[in-house]
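Look over the sequence and the model before reading on.

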Amino acid sequence: MTRPASSDLPPPPAAPARAPIRLSAQVLTCLVFCLIAAAIIWFTQATPLDLFTRPAAPMWQLVVGQGLALLAAAVSYGIYRLGARSESTAKTIETYARLDLRGMNPLWMALAAAVGEEMLFRAALQPLLGVWIVSLLFLATHVPVYRLRKLDRASLVQAAGVFGSSVVLGFTFQYVGLIAAILVHLWIDIVGLLVVRSAIRSHSLAE
């Protein structure tokens, strides 16, 4: 992935005083989400394993999902670049700067989020509640993470992005399958975390 120029991204805020959010916390969250999803799926769906084989076969899900994932990653990166100097981008960087993004952590954190959230919101809840209600729930769970309590313009842009991403993931799950939705989610998060890490490093080098 091309490294964003330091002039294209707003300088991230000073490093938070508290310890960064570790990879272990992300993995634990993934496990909790998967356990909750497994319980919901077990009691509400007659053939749980069909989640991985419908509506498209697993191989087609991998192929189509990877194509959609790369497209989503490109769009995600383009949005970051177009809004590089915006307040909403600065707030997004501030949010993710709290994560421990050293080494391969962006990949593992993105994978944990993709698997855990797609299992809970798409595989478990969407068959019961539908795309739109689940997307509202998805947004609600991200309010503390993104600090969306203030209804300013930057927060509304962030909220629209989270909601829109959830809708895209929901329709991917509905028309292609769970594996494809996980792939799309994975690539969106990888791009976001690498952009944040690049911005932090560029700011550190400029100091």
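## Terms and model

Buried means under 20% relative accessible area, exposed means over 50%, and partly exposed lies in between (1.4 Å probe, protein chains only). Helices are DSSP runs of H or I with at least four residues, numbered from the N terminus.

This is a predicted model: local features need pLDDT of at least 70, side-chain atom pairs count only at pLDDT 80 or more, and totals for chains, interfaces and linings use all residues. Residues are numbered from 1 along each chain as its sequence is written, and side-chain values use heavy atoms, with hydrogens and water left out.

## Helix α1

Cys-30, Ala-37 and Ile-41 are the buried residues of α1. They line one face of the helix, because they fall within an arc of 35 degrees seen down its axis (the arc of the directions from the helix axis to the C-beta atoms). On the other side, Ser-24, Leu-28, Leu-35, Trp-42 and Phe-43 are exposed. The cover over the buried residues of α1 includes α4 (105-129); contact here means heavy atoms within 4.5 Å.

## Cysteines

A disulfide is counted when two cysteine sulfur atoms lie within 2.5 Å. The count is 0. Cys-30 is in no disulfide; its nearest cysteine sulfur, that of Cys-34, is 4.1 Å away. Cys-30 is buried at 11% relative accessibility. Cys-34 is partly exposed at 22%.

## Gln-45

Gln-45 sits in the loop between α1 (23-44) and α2 (58-82). Gln-45 is buried, with a relative accessible area of 12%. Not counting residues up to four places away in sequence, Gln-45 touches Leu-51, Arg-54, Ala-123, Ala-124 and Pro-127.

Key. Helix = DSSP H or I, 4+ residues; strand = E, 2+ residues; numbered from the N terminus.
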